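Please take a moment with the sequence and the model before reading on.

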Amino acid sequence: MPRDLHPRLLRGFVATAETLHFGRAAERLYVAQQALSRDVRTLEGLLGDTLFVRTTRSVELTPAGQRLLPRARRLLALHDEILAEAGTGAAARPLLLDLNSDVTGPDLTADRVLQRARAAWPEGELLARFHGGLAAAAAELLAHRLDASFGRFAGLSAPVRGQLAQLPVRLERISVMMADTHPLARRPVLRPAELAGHPVDICAGNPATTEWADLGARLLREHGLAAAEPYVPPVGLDETARYLARHGDPMLTTVGGPKIPGSVNVPLVEPVPLCLVSLVHRPGERHPGLRALAAAASELGTAESWLSRPAGSWLPAADAELVAAAQNTAPASGG
């Protein structure tokens with residue numbers, strides 16, 4: 001009798017191989033740990049090989065498991081591609097998109113791309129969530145629980161970047177947000193040097209946004225500035241307002257964000273720091289909703305020069321290389 005290899009077995013194997021922990025892999029897949037362990041044993045039986053070395057303290061891939069992992073990823077990607085190209089299955093389901101923010105606003109990049117894509121693809125459904133943080137969204141993308149997200153791709157770890165694809169969308173200008181009672185709150189703009197003596201909150205206490213904290217750390221280090229203590233991050237407008245009033249530190253953010261009650265958003269200049277926002281997804285994804293998002297991003301970017309660097313700007317070299325690759329030009333010098 002032929003042996004059938006169900007994609008569920010491969011997804012369980014890949015999640016366990018990426019986390020090297022049956023409990024965390026089960027949480028990622030929203031299944032019971034016992035069910036995941038059973039699926040792994042079933043897969044090992046089908047293949048006639050041991051895929052993991054398990055002890056009471058660790059889980060490691062065997063050589064057979066290491067050989068299987070890249071092929072399992074390719075097979076799952078092909079499986080999803082076949083469904084997406086068919087008239088049913090993945091093509092008929094909604095596309096789940098994380099906007100990499102816990103708030104929404106008409107001037108935010110992701111919101112604008114989403115609204116334009118919805119208008120261009122009215123027969124489909126684009127479902128938005130607002131959890132915030134590309135680092136967290138990347139794990140969801142790799143677990144096939146999310147289809148796309150926005151954020152700073154260069155700030156992800158190299159192994160994660162190697163499993164995902166990205167489309168540069170916009171160079172956003174960086175600013176600082178602070179309570180309107182802060183000593184610097186009345187400035188129309190701020191130079192980085194003027195933040196000396198004022199520790200800057202880069203959201204280092206948020207494990208979901210490590211890519212943003214990495215950008216902030218690079219910016220502060222280059223300009224000799226100090227980072228604020230890492231606090232538990234706020235969620236939502238009202239909580240952010242309380243957070244700013246309580247802690248008092250200027251928070252690194254971007255120009256054009258939503259208005260937080262009792263706060264100001266002051267652009268940074270000389271240099272103008274930038275953050276590259278990309279549309280991030282799994283390689284080979286063919287969902288029509290993703291095509292609608294990519295087309296919307298391209299149209300807005302062309303009309304409003306979203307990827308043009310202003311004079312005297314600062315951008316990390318890795319981010320500048322992504323922009324240059326998309327534009328097929330030599331990378332501009334980065335900070």
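A residue is called buried when its relative accessible area is under 20%, exposed when that area is over 50%, and partly exposed in between. With these limits in hand, and keeping in mind that this is a predicted model, we can look at tyrosine 231, which counts as partly exposed because its relative accessibility is 26%. Its partner in an aromatic pair is tyrosine 243, which at 9% relative accessibility counts as buried.

How are two such rings described? A pair of aromatic rings is described by the distance of the centres and the angle of the planes. For tyrosine 231 and tyrosine 243, the centres are 6.1 Å apart and there are 80° between the planes, an arrangement that is edge-to-face. Tyrosine 231 lies in the loop between helix H8 (210–222) and helix H9 (237–247), while tyrosine 243 belongs to helix H9 itself, so the pair ties together parts that are 12 residues apart in sequence.

The count of aromatic pairs comes to three. One of them joins phenylalanine 22 and phenylalanine 52, whose ring centres are 5.9 Å apart and whose planes meet at 65°; because planes over 60 degrees apart count as edge-to-face, this pair is edge-to-face. The two residues come from distant parts of the chain, since phenylalanine 22 is in helix H2 (residues 22–29) and phenylalanine 52 is in strand E1 (residues 52–54), 30 residues apart. Phenylalanine 22 counts as buried at 8% relative accessibility, and phenylalanine 52 counts as buried at 2%. Together with Phe13, Phe22 and Phe52 form one aromatic cluster.

We can now turn to another part of the chain. Threonine 253 is found in strand E7, which covers residues 251–254, and with 18% relative accessibility it counts as buried, because that value is under 20%. If its neighbours within four places in sequence are left aside, threonine 253 is in contact with Arg173, Ile174, Ser175, Val176, Met177, Trp212 and Asn265.

Which residues does valine 269 touch, again leaving aside its neighbours within four places in sequence? Its contacts are Arg173, Val189, Leu190, Arg191 and Pro192, and Arg173 is also in contact with threonine 253. Valine 269 and arginine 173 are 96 residues apart in sequence, yet from C-alpha to C-alpha they are 9.3 Å apart in space. Valine 269 lies in the loop between strand E8 (263–267) and strand E9 (272–281), and with a relative accessible area of 13% this loop residue is buried.

Along the principal axes, its C-alpha atoms fill a box of roughly 75 × 50 × 40 Å. Buried residues make up 48% of the 335 residues, and the protein exposes about 16,300 Å², of which carbon and sulfur atoms supply 54%. Among contacts between residues at least 6 apart in sequence, 72% join residues at least 24 apart, and the contact between valine 269 and Arg173 spans 96 residues. As for charge, the protein has 35 positive and 35 negative side chains, and the centres of these two sets lie 4 Å apart.

Methods. Residues are numbered from 1 along each chain as its sequence is written. This is a predicted model: local features need pLDDT of at least 70, side-chain atom pairs count only at pLDDT 80 or more; totals for chains, interfaces and linings use all residues. Side-chain values use heavy atoms; hydrogens and water are left out. Buried means under 20% relative accessible area, exposed over 50%, partly exposed in between (1.4 Å probe, protein chains only). Contact means heavy atoms within 4.5 Å. Accessible areas come from the Shrake-Rupley method with a 1.4 Å probe; for residues, only the protein chains shown count as cover. Lys and Arg count as positive and Asp and Glu as negative; His and the chain ends are not counted. The place of a charge is taken as NZ of Lys, CZ of Arg, CG of Asp or CD of Glu. Helices (H or I, at least four residues) and strands (E, at least two) are DSSP runs, numbered from the N terminus. Rings of Phe, Tyr and Trp (its six-membered ring) pair if their centres lie within 6.5 Å; planes under 30 degrees apart count as stacked, over 60 as edge-to-face and the rest as tilted.
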